[in-house]
Amino acid sequence: METGEVQIWVKDCKNLPSVRGVIIDPFVKCTVLPDTSRKSCQKTRVVKRTANPMFNHTMVYDGFRTEDLREACVEITVWDHDRLNSHYIGGLRLGLGTGKSYGVEVAWMDSTTDEANLWQRMLQSDGQWVEDVLHLRMLVMAKNLSK
């Protein structure tokens, strides 16, 4: 069975809301579900004091079989960095949105139509980059759903 890598390019965000009434220091976290382990989570750098950060960061995940991608979901969340703790702004989930992973019902396989359409285009892209603009929404993080 052939394995390969998945690359997710986080280019930028536009018009992020302020948190607690102050200009934010945003960063992005990316996790490929169903793996919620620390090694699965990758982050961009923090971009200081902007609602329109340019990240231009590629997350690379190795060892994926093509058929695993139909069962996986990429959870991308945006956070405001604070010295003491980070504050959640919003996120999205790229997956097929079937509600199931490997035949088991899971709450995190809940992609919107736009998110699922982008994932489907990516699965059909034959290794070519697929780009889109998606809106953040409020998510219950998968790590919290599994407890």
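Analyst: The second largest pocket holds about 340 Å³ of space. A pocket here is an open set of points on a 1 Å grid over the protein atoms alone, where a 1.4 Å probe fits, with protein on both sides within 12 Å along at least five of seven lines; lining residues have an atom within 4 Å of a point. Volume is the space filled by probe spheres set on the points, which are joined across faces, edges and corners.

The model is predicted: local features need pLDDT of at least 70 and side-chain atom pairs pLDDT 80 or more, while totals for chains, interfaces and linings use all residues. Numbering runs from 1 along each chain as its sequence is written, and side-chain values use heavy atoms, without hydrogens or water.

Sixteen residues line this second pocket; Lys29, Thr31, Thr36, Cys41 and Lys143 lie nearest its centre. β2, β5 and α3 (142–145) each supply at least two of the lining residues. Helices (H or I, at least four residues) and strands (E, at least two) are DSSP runs, numbered from the N terminus. By class, the lining has five nonpolar, five polar and six charged residues. Nonpolar means Ala, Val, Leu, Ile, Met, Phe, Trp, Tyr, Cys and Pro; charged means Asp, Glu, Lys and Arg; the others, Gly among them, are polar.

Now the largest pocket. Its volume is about 1,300 Å³. The lining has 40 residues, with Ile8, Trp9, Leu94, Leu118 and Val130 nearest the centre. β1 gives the most to this lining, 10 residues. The classes are 22 nonpolar, nine polar and nine charged.
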